[in-house]
Amino acid sequence: MDKGKVSSGFLIESDGLFLLAHATQRKDDPNIKQFDGQWTVIKGELDANETVWQAAVRRAREMDKGKVSSGFLIESDGLFLLAHATQRKDDPNIKQFDGQWTVIKGELDANETVWQAAVRELKEEASLDLIEMFPSLVPTDTETPNFSYKTGRGKQVYLFWINDTMGLIKNANIEFKCTSILHGMPPKLAHRTGAPEVDAFMWVTKEETKERDKRKRQMKETKERGNRKWKRKAKEREEGKKRTRVKPKGKKIYKRISSEDVHFERKAKKGKNNTHL
């Protein structure tokens with residue numbers, strides 16, 4: 001088979017909508033671009049010694065500016081392993097429900113497959129070497145992840161499911177520890193510099209994950225309501241200032257008068273009985 005004549009890609013359907021990409025034709029008119037027939041799914045030709053899955057992931061990563069992550073959904077003895085992304089929140093009550101709990105995952109490095117990235121991230125963020133410590137749990141198909149989804153920020157995530165029904169991982173008393181340190185954080189997140197990417201781990205049931213998702217949605221809605229309330233109050237304060245604004249006392253008001261008006265005013269000042277038209 002001629003590898004140069006083979007393409008692979010993704011047909012992405014999210015919430016009933018399909019994602020299409022436009023092949024550049026240098027047509028600046030949006031009306032022409034909208035119906036010029038160059039809209040298609042994200043795809044590309046295979047490179048040398050590359051599988052169709054690897055080519056599809058590479059093409060998606062290239063078109064999405066590298067925002068592709070992979071990781072593991074680890075289920076052991078009916079419990080799921082979650083990790084907490086470092087937020088420098090020391091209050092355990094806040095940390096427990098702050099919405100930063102997620103599966104262990106991370107972005108792909110250059111020339112790295114989704115499986116290689118998932119194994120590396122698990123080793124860096126949890127000190128868990130799946131291949132060496134639990135080779136029997138390694139899936140037979142490391143080319144195709146079990147789950148894929150897209151985050152609200154546009155990042156494509158692929159997950160491999162580790163179904164440890166015997167509880168080997170949970171009962172091994174592993175001390176999960178993150179060895180990956182945050183560096184080069186933007187000014188807004190400078191307080192996280194020097195901290196590990198993950199600062200806590202926990203095992204949860206499926207029902208607890210649903211409850212956490214519900215709590216996360218509630219916190220998000222509360223924050224949005226607070227933002228809307230703050231904007232409304234700010235607008236009311238601004239409108240109130242406009243309504244209560246009065247002219248300063250003693251402000252002089254000038255008007256244009258003719259020379260005849262000045263003449264009549266002078267005559268009137270000479271005596272009270274003088275009248276003028």
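Asn173 is exposed, with a relative accessible area of 70%. This is a predicted model, and in it Asn173 has a positive phi of about 50 degrees even though the residue is not a glycine. You will find Asn173 in the loop between strand 12 and strand 13.

Asp77 is another residue to look at here: its phi is positive too, at about 55 degrees, and again the residue is not a glycine. Asp77 sits in the loop between strand 7 (68-76) and strand 8 (79-85). With a relative accessible area of 44%, Asp77 is partly exposed; the cut-off for exposed is over 50%.

## Aromatic pairs

How many aromatic pairs does the structure hold? There are 8 aromatic pairs in the structure. One of them joins Trp53 and Tyr158 in an edge-to-face arrangement, with 5.6 Å centre to centre and 75 degrees between the planes. Trp53 belongs to helix 2 (residues 52-63) and Tyr158 to strand 12 (residues 156-164), so this pair ties together parts that are 105 residues apart in sequence. Trp53 and Tyr158 are both buried.

Another pair is formed by Phe176 and Phe201, and this one is tilted: the ring centres are 5.4 Å apart, with 40 degrees between the planes. Phe176 is in the loop between strand 12 and strand 13 (198-204), while Phe201 is in strand 13 itself, so the pair ties together parts that are 25 residues apart in sequence.

## Nonpolar cores

In soluble globular proteins, nonpolar side chains tend to be buried together. Here, the largest nonpolar core has 31 residues. Which residues have the most contacts inside this core? They are Phe72, Ile74, Leu122, Leu128, Leu130 and Ile169. Helix 2, strand 7, strand 8, helix 4 (114-126) and strand 12 are the elements that give two or more residues to the core. Helix 4 provides the largest share, with 7 residues.

Setting aside neighbours within four places in sequence, Ile169 is in contact with Ile74, Leu128, Phe134, Leu137, Ile162, Ile174, Phe176 and Trp203, among others. The contacts of Ile169 also include Ser76 and Asp164.

## A polar contact between Glu107 and Lys155

What joins the side chains of Glu107 and Lys155? A polar contact of 3.1 Å does. These two residues are 48 residues apart along the chain, and their C-alpha atoms are separated by 9.2 Å.

Glu107 is found in strand 10 (residues 104-107). At 36% relative accessibility, Glu107 is partly exposed, as is Asp77 at 44%.

Definitions and conventions. Residues numbered from 1 in each chain as written. Predicted model: local features only at pLDDT ≥ 70, side-chain atom pairs only at ≥ 80, totals over all residues. Heavy atoms only, no water. Phe/Tyr/Trp six-rings, centres within 6.5 Å; stacked < 30°, edge-to-face > 60°. Helix = DSSP H or I, 4+ residues; strand = E, 2+ residues; numbered from the N terminus. Buried < 20%, exposed > 50% of the residue type's maximum accessible area, 1.4 Å probe, protein only. Core = buried A, V, L, I, M, F, W, Y, C linked by side-chain atoms within 4.5 Å. Contact = heavy atoms within 4.5 Å. Polar contact = N/O pair within 3.5 Å; in protein donor to acceptor, adjacent residues only side chain to side chain.
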